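Let's take a walk through this model, one piece at a time. Have the viewer open and follow along.

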Amino acid sequence: MVMGVSINQIRKISLGLQVSTLLTYMFGFTALKLSGSKKEGIQRHGKINTLGYTLGALSLLYMMYSGLRLIIARAAPAMMYIHGIFGFITLALSSLFVANRWSWKTIKNMRTLVVLFLSTFSGGVYMFSRLYKHGKPAKKSE
């Protein structure tokens, strides 16, 4: 328990932040497509997606704490390491976009980042659903 919050509550908070990140990114894409002016749409899209990045980065604190506990206990599945690597790559590339490194802001790189984010997000949801049933760690089936 950390400051009165159980590890399962921490995992749920992290998942909620990740879902909020996904919804924010979808809203940013919609704002871009529905905008009357391309310049205004790109600016709105950038601001909204920066908020999404911030939510995702906040969720990282919860995920790292939860993951480190499993790693220290030597109970982390291999999938957690793969998920972590994809998440790190996604976060690193996202930071280039948020930091306005324009040479990286191509449609091709943005699409690659979307695929990476969705892969990492899907892997995390899958891992969460497999490892934790009804707020309790799932029992290993042999």
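Before we start, one cut-off: a residue counts as buried when its relative accessible area is under 20%, worked out with a 1.4 Å probe on protein chains only. Keep in mind, too, that what you're looking at is a predicted model.

With that in hand, go to threonine 90, which sits in helix H3, residues 78-98. Its relative accessibility is 6%, so threonine 90 counts as buried. What does its side chain do in there? Part of the answer is local: the side chain reaches the backbone oxygen of phenylalanine 86 at 2.8 Å. There's also a polar contact, at 3.4 Å, between the side chains of threonine 90 and threonine 120. Leaving aside residues up to four places away in sequence, threonine 90 touches Leu113, Leu116, Phe117 and Thr120.

Those contacts point us to the next stop, the packing of H3 on helix H4, which covers residues 107-131. The two axes come within 9 Å and cross at roughly 145 degrees, and the crossing is left-handed. On the H3 side, the contact is made by Met79, Met80, His83, Phe86, Gly87, Ile89, Thr90, Leu93, Ser94 and Phe97. H4 brings Asn109, Met110, Leu113, Leu116, Phe117, Thr120, Gly123, Gly124, Tyr126 and Met127. Sort the residues of this contact by type and you get 12 nonpolar, 8 polar and no charged.

Leucine 22 belongs to helix H1, residues 7-34. Is leucine 22 buried or exposed? It's buried, because its relative accessible area is 19% and the cut-off is under 20%. Leucine 22 and leucine 118 are 96 residues apart along the chain, yet their C-alpha atoms are separated by 8.4 Å.

That leaves helix H2, which runs over residues 38-72. Its 35 residues reach 49 Å from first C-alpha to last, close to the 51 Å expected at 1.5 Å a residue. Just after H2, look for arginine 74, where the backbone takes a positive phi of about 60 degrees.

How values were computed. Residues numbered from 1 in each chain as written. Predicted model: local features only at pLDDT ≥ 70, side-chain atom pairs only at ≥ 80, totals over all residues. Heavy atoms only, no water. Helix = DSSP H or I, 4+ residues; strand = E, 2+ residues; numbered from the N terminus. Buried < 20%, exposed > 50% of the residue type's maximum accessible area, 1.4 Å probe, protein only. Polar contact = N/O pair within 3.5 Å; in protein donor to acceptor, adjacent residues only side chain to side chain. Contact = heavy atoms within 4.5 Å. Expected span 1.5 Å × (residues − 1). Axes fitted to C-alpha atoms, helices over the stretch in contact; angles between N-to-C directions. Left-handed = near helix turned anticlockwise from the far one by under 90°. Nonpolar A, V, L, I, M, F, W, Y, C, P; charged D, E, K, R; others polar.
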